[in-house]
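Reader: Could you walk me through how to read the features of a model like this one? I am happy to go one feature at a time.

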Amino acid sequence: MAALRSVVLAGGGTGGHIYPLLAFADCLRRHDPDLRITCIGSPRGMESEIIPQRGYELRHVPAYQLPRSVNMSLVRTPDRMWKAAKATREILDEVGADAVVGFGGYVSVPAYLAAWRRKTPTIIHEVNVPIGVANKMGMRFTKHIVLGFPHQARQMPAVANAAVVGVPLRQGIARLDRAALRAQARAHFGLDPYLPTLFVFGASAGARSINLAVSGAAKRITASGVQVLHIIGARNDDVEVPTGLPAPYVKIKFLSEMELGYAAGDLALCRGGAMTCAETAAVGMPAIYVPLPWGNGEQRRNALPVVEAGGGLIVEDGDLSPEWVMETVVPLVRDRARLESMSRAAAGYGRRDGDEALRQYLLKVVGA
């Protein structure tokens with residue numbers, strides 16, 4: 001088998017691309033501390049805030065949004081893309097890249113192009129239905145496509161034969177024992193150790209509709225004997241929560257250690273992003289998913305297999321309200337038997353080994 005000395009990881013723009021990239025980088029580093037890991041990103045993306053803080057080298061390259069219609073941006077795209085690919089190839093040459101693994105986002109495209117021209121083995125990791133624009137373009141340059149979820153292969157003929165490796169998860173989540181950590185997690189947030197606990201969060205930026213529905217029912221939720229751990233979202237406006245409530249209502253902007261939230265909560269109310277669905281299923285977290293009401297409907301498709309397995313519910317964003325929270329969420333979070341059944345079902349669908357499975361696939365490709 002060929003030696004693996006240097007790997008370039010490409011992905012950026014949103015947490016859905018960045019966090020699996022980082023989890024995979026951690027996996028590679030665990031197995032080989034001497035392996036050179038270089039991350040490719042855009043200076044404008046979230047990756048510039050997150051990746052260097054995790055101790056990985058981040059090299060910036062130009063990244064351009066791929067137009068979906070005929071306009072001047074489309075005319076200029078080929079020239080821009082080849083310039084970005086040229087800059088990326090210089091990085092691949094400098095670090096002696098043995099392989100490129102891309103997780104999507106516009107910054108991945110020049111990495112795919114540069115690797116193709118350099119004849120460097122390339123793997124594309126995709127978690128959405130439909131396939132993201134950047135990864136769809138990248139599929140023209142490599143046959144090594146891997147998926148995060150089984151339903152993707154069933155729903156997209158173009159990747160029907162692709163390997164399903166799962167989603168790389170951070171070890172704090174992949175190894176989480178919710179029950180064992182529950183008392184510590186609730187103490188960390190100042191929550192009551194015994195009350196039923198609703199864990200509320202959006203994506204990395206939060207979700208305003210979820211925030212308003214839950215905060216609007218704060219008095220009634222806590223009066224029913226349910227406490228709340230609510231992540232507002234770092235990029236969201238704050239919401240008003242009354243003081244002097246009969247049960248704890250802990251409101252925070254951002255939580256980097258999501259495993260503490262999963263351990264503290266009995267039920268999650270959240271969006272349906274691919275990373276959220278991968279994490280909640282893997283740790284056996286019963287969840288009510290509120291898919292984004294715009295886009296390609298991918299969040300509903302992400303959550304539906306978990307729901308069909310018995311691990312959660314779906315509510316449309318337009319149907320979410322303080323009244324719906326009281327009618328549906330509160331009774332569920334107090335129903336311990338049903339939550340235990342949902343937890344087992346979610347865990348049965350989820351998987352915790354996405355990072356290791358992707359590493360094995362990478363070694364196989366490089367060895368070939």
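Reader: How many bridges join strand S1 to strand S4?

Author: The general idea comes first: two strands count as paired if DSSP finds at least two bridges between them. Helices (H or I, at least four residues) and strands (E, at least two) are themselves DSSP runs, numbered from the N terminus. In this predicted model, local features need pLDDT of at least 70 and side-chain atom pairs count only at pLDDT 80 or more, while totals for chains, interfaces and linings use all residues. Residues are numbered from 1 along each chain as its sequence is written, and side-chain values use heavy atoms, with hydrogens and water left out. Here, S1 (residues 6-10) and S4 (residues 99-102) run parallel and are joined by 4 bridges. Ala10, for instance, stands opposite Gly102 of S4.

Reader: In what order do the strands of the open sheet come?

Author: The open sheet has 7 strands in parallel pairing, ordered S3-S2-S1-S4-S5-S6-S7. At its edges are S3 (57-60) and S7 (163-164), each of which pairs on one side only. Helix H1 packs on this sheet, touching S1, S2 (36-41) and S4. The direction of H1 makes about 165° with that of S1, where axes are lines fitted to C-alpha atoms, for helices over the stretch in contact, and angles run from 0 to 180 degrees between N-to-C directions.

Reader: Where does UniProt place the feature "binding site"?

Author: A record needs some care: UniProt positions are given in the numbering used here, feature names are shortened, and annotations may be inferred rather than shown by experiment. The unreviewed UniProt entry places this feature at Thr14, Gly15, Gly16, Asn128, Arg170, Ser204 and Gln299.

Reader: Is Gly15 buried or exposed, and what about Gly16?

Author: Buried means under 20% relative accessible area, exposed over 50%, and partly exposed in between (1.4 Å probe, protein chains only). Gly15 has a relative accessible area of 8%, so it is buried, whereas Gly16, at 32%, counts as partly exposed. Not counting residues up to four places away in sequence, Gly15 touches Pro20, Met46 and Met275; contact means heavy atoms within 4.5 Å.

Reader: Which residues touch the most other members of the largest nonpolar core?

Author: In soluble globular proteins, nonpolar side chains tend to be buried together. A nonpolar core is a set of buried Ala, Val, Leu, Ile, Met, Phe, Trp, Tyr and Cys residues joined through side-chain atoms within 4.5 Å. The largest one here has 36 residues, and Leu169, Phe199, Phe201, Met258, Tyr262 and Tyr289 touch the most other members. Several elements supply at least two residues each, among them helix H8 (178-189) and strand S9 (227-231). Helix H12 gives the most, with 6 residues. A second, separate core of 30 residues includes Leu9, Cys39, Tyr56 and Val365.
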